[in-house]
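Hello,

Here is the structure I promised to pass on to you.

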Amino acid sequence: ALEGLYRHDPTRVDDELVDSFYYPAKEEGAPEALGQIYTNDPGLSPTDLHAKYSDMAESLAIHLIWGDDDAVTPLAGGVGTFYSALANDETTSVTMDVVGKTGHVPFDDNPTECNGSMLRWIEAL
């Protein structure tokens with residue numbers, strides 16, 4: 001299942017990464033905690049957060065790095081299209097880089113591209 005999140009370099013899914021998910025799930029109370037992730041109120045969506053805190057959101061510099069092959073939060077989905085529109089709106093301070101052949105965890109899947117994206121963004125601030 002983890003390899004499906006790593007579209008750029010599935011070999012990054014090694015024993016250490018698997019263990020980082022497996023062993024905490026075996027801790028006492030883990031099943032209850034994991035169950036709450038799926039049953040508790042998820043809170044405000046990104047679009048709702050931006051609407052609720054519009055004054056603050058408009059003044060924040062936000063840089064998004066999105067994997068073009070993200071199967072969990074696809075760029076063509078609701079959140080992806082929302083942020084794409086903000087990034088394409090020159091009146092906002094939202095920028096976005098879409099990293100090719102990369103899945104849901106771009107910083108781990110393709111760290112070279114993601115770090116370069118962050119450095120370019122920081123230099124442009």
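K101 is exposed, with a relative accessible area of 64% (buried means under 20%, exposed over 50%, and partly exposed in between, using a 1.4 Å probe and protein chains only). Before going on, please keep in mind that this is a predicted model, in which local features need pLDDT of at least 70 and side-chain atom pairs count only at pLDDT 80 or more, while totals for chains, interfaces and linings use all residues. Residues are numbered from 1 along each chain as its sequence is written, and side-chain values use heavy atoms, with hydrogens and water left out.

K101 sits in the loop between β2 and α6 (helices are DSSP runs of H or I with at least four residues, strands are runs of E with at least two, and both are numbered from the N terminus). Most residues other than glycine have a negative phi. K101 is not a glycine, yet its phi is positive, at about 50°.

T102 lies in that loop between β2 and α6 as well. Is T102 buried or exposed? T102 is buried, its relative accessible area being 0%. Its side chain reaches the backbone oxygen of G100 at 2.9 Å.

**The strands**

β1 (residues 62-67) and β2 (residues 94-99) pair in the parallel sense over six bridges (strands pair if DSSP finds at least two bridges between them). L64 has M96 in β2 as its bridge partner. Together with helix α5 (residues 78-88), β1 and β2 make a right-handed β-α-β unit; right-handed here means that, with the strands pointing away from the viewer, the path from the first strand over the helix to the second runs clockwise.

**Salt bridges**

How many salt bridges does a search of the whole structure find? The search finds three (a side-chain nitrogen of Lys or Arg within 4 Å of a carboxyl oxygen of Asp or Glu).

- D69 and R7 meet through their side chains at 3.3 Å, N to O. This pair links distant parts of the chain, 62 residues apart: D69 is in the loop between β1 and α5, and R7 is in the segment before α1 (15-25). D69 is partly exposed at 34%, and R7 is partly exposed at 34%.
- R12 and D108 meet at 3.1 Å, N to O. R12 lies in the segment before α1 and D108 in helix α6, so the pair ties together parts that are 96 residues apart in sequence. R12 is partly exposed at 32%, and D108 is partly exposed at 28%.
- D97 pairs with R120, the closest N and O atoms being 3.8 Å apart. D97 belongs to strand β2 and R120 to helix α7 (residues 111-124), 23 residues apart. D97 is partly exposed at 25%, and R120 is partly exposed at 48%.

**A nonpolar patch**

Finally, L44, L49, Y53, M56 and L60 form a nonpolar patch on the surface, with about 450 Å² of accessible area together. Among them, M56 is found in helix α4 (residues 54-59). Patches are made of residues with over 30% relative accessible area and no salt bridge; nonpolar side chains (Val, Leu, Ile, Met, Phe, Trp, Tyr) are joined within 5 Å and like charges within 9 Å. Accessible areas come from the Shrake-Rupley method with a 1.4 Å probe, and for residues only the protein chains shown count as cover.

Best wishes

Conventions: A polar contact is a pair of N or O atoms within 3.5 Å; within protein, one must be able to donate a hydrogen and the other to accept it, and residues adjacent in sequence count only if both atoms are side-chain atoms.
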